[in-house]
Structures are given as C-alpha cells and as structure tokens.
Amino acid sequence: MMGVNYFEEAVAKNGPNTTEFFRLFMAPGMGHCGGGIGPDRHDAMTAMIDWVEKGTAPESMTASRVVDNQVVRTRPLCSYPQVARYSGQGSIDEASNFHCVAP
C-alpha cells in the first residue's frame, strides 16, 4: 500500500488537481518489476512520453500476460482510484471486455 499512501498524501498536499501532473496505476497480480500471476507487461514509457510531449494524460493502459511468446490475457490498468470491472460479456481474457470505474 506504499504507492497508494504516497499518492493519497500527494493529493492531500497538492489538491484535487494533482492528477493533472501525477497519476497512479495499480497492476494487480504483477510483480514489482514484472512476472507474477496476473498480466505481467505494459508500456508505461509510451504513456508517459505521450503525456509529456503530446499533453495526452493516460486514463488507462493495457497490460498483457504472455506465455510462450503468446499474449494469453489483457487487462486495462486504470488510473487510481478507478478499478477494472468486467462488463459481463465476452472473454475474461480480453481488456476490451472491461472498463474503468470508481470502486
């Protein structure tokens, strides 16, 4: 919870507009630097470059689980405090069947 606590302290000190320059994306099931039981890869660098160079802040990013060089699952990583919720239709292995919602 250190990341969540840090984010919430930053919002408390900087105000509600903090997300204009600082966002947190949780990756459930992902180890600290990759691996783990959940989707284990995502491209945070491109999201950050687009934010800095194009002014397009990320609302979500797509993470994937790769097994034997094949993508077997994708999930959206949502801007905290939002979480990914299954739409109830389609494969649970496809990010397009989830959407980011407030908890």
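Author: Quick ground rule first: strands here are DSSP runs of E with at least two residues, helices are runs of H or I with at least four, and both are numbered from the N terminus. This is a predicted model, where local features need pLDDT of at least 70 and side-chain atom pairs pLDDT 80 or more, while totals for chains, interfaces and linings use all residues. Residues are numbered from 1 along each chain as its sequence is written, and side-chain values use heavy atoms, without hydrogens or water.

Reader: What makes Cys78 and Cys100 a disulfide?

Author: A disulfide is a pair of cysteine sulfur atoms within 2.5 Å. The sulfur atoms of Cys78 and Cys100 are 2.1 Å apart, so the pair qualifies. The structure holds one such link, and at -80 degrees about the S-S bond the link of Cys78 and Cys100 is left-handed. Cys78 sits in strand β3 (residues 70–78) and Cys100 in strand β5 (residues 98–101), so the bond ties together parts 22 residues apart in sequence.

Reader: Is Cys78 buried or exposed, and how do you know?

Author: The scale is relative accessible area: under 20% is buried, over 50% is exposed, and in between is partly exposed (1.4 Å probe, protein chains only). Cys78 comes in at 5%, so buried it is.

Reader: And what about Cys100?

Author: Cys100 has 26%, which makes it partly exposed. Ala27, in the loop between α1 and β1 (41–42), gets that label too, at 23%.

Reader: Why say that the buried residues of α1 line one face?

Author: Those residues are Val4, Phe7 and Ala10. Looking down the axis of α1, they fall within an arc of 125 degrees (taken from the directions from the helix axis to the C-beta atoms), so they line one face. On the other side, Met2, Tyr6, Ala12 and Lys13 are exposed.

Reader: What makes the second largest pocket a pocket, and which strand gives the largest share of its lining?

Author: On a 1 Å grid over the protein atoms alone, where a 1.4 Å probe fits, a pocket is an open set of points with protein on both sides within 12 Å along at least five of seven lines; lining residues have an atom within 4 Å of a point. The second largest pocket has 15 lining residues, with Met26, Pro28, Pro76, Leu77 and Ala84 nearest its centre. β3 and β4 (83–86) each supply at least two lining residues, and β3 gives the largest share, five.
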